[in-house]
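Thanks, everyone. I'll take one structure today and walk through it piece by piece. Please have the chain in view.

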Amino acid sequence: MTEATIKTLETPMLSLRAAVRPGSVDVEQRTAELTWTTGAKGRRWSWDVGSYMEELDVSETAVRMDRLNSGAPLLNAHSAYNLGDVIGVVERAWIENGQGIATVRFSQR
C-alpha cells in the first residue's frame, strides 16, 4: 500500500476483549497477563465511512507505552462512561513479538 492510499479516520470506540495468557493468573494478587492487541486486521464499520479494514501498528513508536505504564485504567470492554467501567489497573505493559501484552490487577470489587 502506498502512502497516498493510506487514510486516517476518526472512528467510535469498539467493544473488544483481551486474551488471558495461560498460566499467568494469580488469584491472591488479582493479577493476570493479557494480550490486548495482536495488530491483526479486522473489519470495522462506521456510519461516517461505511465498511473498512483496520490494522493497528503495534510498535514502540506507535503505542504510548508511558501512558499504559503509569497506572492506566483497565476498562470493561473499552467502556469509559462511568467509574463502574474501571475494573482494574495496568501494572506493566510491553510490546512482544508484535503483540501488546500487559500485567493487570483487577479491582477488589
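Start at Glu91. Glu91 is partly exposed, with a relative accessible area of 39%. This is a predicted model, by the way. Glu91 makes a salt bridge with Arg105, and the closest N and O atoms are 2.6 Å apart. Glu91 sits in strand 6 and Arg105 in strand 7, so the pair ties together parts that are 14 residues apart in sequence. Arg105 is partly exposed as well, at 31%.

How many salt bridges does the count come to? The count is 4. Take Arg21 and Glu96 next. Their side chains meet at 3.1 Å, N to O. This pair links distant parts of the chain: Arg21 is in the loop between strand 1 and strand 2, Glu96 is in strand 6, and they are 75 residues apart. Arg21 has a relative accessible area of 24%, which makes Arg21 partly exposed. Glu96 is partly exposed too, at 31%. There is a network here: salt bridges link Arg21, Glu33 and Glu96.

Now Arg44 and Glu54. Their side chains form a salt bridge, 3.1 Å from N to O. Is each one buried or partly exposed? Arg44 is partly exposed, at 22% relative accessibility. Glu54 is buried, at 19%, because the cut-off for buried is under 20%.

Five strands make an open sheet, in the order 1-2-7-6-5, with antiparallel pairing. Which strands are at the edges? Strand 1, residues 19-20, and strand 5, residues 73-75; each pairs on one side only. Strand 5 pairs with strand 6, residues 86-96, over 3 bridges, in the antiparallel sense. In that pairing, Leu75 has Val86 of strand 6 as its bridge partner.

Next, the inside. As a general point, nonpolar side chains in soluble globular proteins tend to be buried together. Here the largest nonpolar core has 11 residues, among them Leu34, Val58, Met65, Leu74, Ile95 and Val104. Strand 6 and strand 7 are the elements that give two or more residues to this core. Strand 6 gives the most, with 3 residues.

Val104 is in contact with Arg30, Thr31, Ala32, Leu34, Leu74, Val89, Val90 and Glu91, leaving aside neighbours within four places in sequence. Then Val58. Val58 lies in the loop between strand 4, residues 50-54, and helix 1, residues 65-68. Val58 counts as buried, at 14% relative accessibility. Beyond four places in sequence, the residues Val58 touches include Thr37, Thr38, Ile95 and Gly100. For Val58 and Gly100, the C-alpha atoms are 6.9 Å apart, while the sequence separation is 42 residues.

Val20, Val25 and Val27 make a nonpolar surface patch of about 290 Å². Val20 is in strand 1, and counts as partly exposed at 46% relative accessibility. Gln108 comes in the segment after strand 7, residues 99-106. Gln108 is exposed, with a relative accessible area of 70%. Which residue has its C-alpha atom 7.9 Å from that of Gln108? Arg30, 78 residues away along the chain. Arg30 also turned up among the contacts of Val104.

Definitions and conventions:
Residues are numbered from 1 along each chain as its sequence is written. This is a predicted model: local features need pLDDT of at least 70, side-chain atom pairs count only at pLDDT 80 or more; totals for chains, interfaces and linings use all residues. Side-chain values use heavy atoms; hydrogens and water are left out. Two strands pair if DSSP finds at least two bridges between them. Helices (H or I, at least four residues) and strands (E, at least two) are DSSP runs, numbered from the N terminus. Buried means under 20% relative accessible area, exposed over 50%, partly exposed in between (1.4 Å probe, protein chains only). Contact means heavy atoms within 4.5 Å. A nonpolar core is a set of buried Ala, Val, Leu, Ile, Met, Phe, Trp, Tyr and Cys residues joined through side-chain atoms within 4.5 Å. Patches are made of residues with over 30% relative accessible area and no salt bridge: like charges are joined within 9 Å, nonpolar side chains (Val, Leu, Ile, Met, Phe, Trp, Tyr) within 5 Å. Accessible areas come from the Shrake-Rupley method with a 1.4 Å probe; for residues, only the protein chains shown count as cover.
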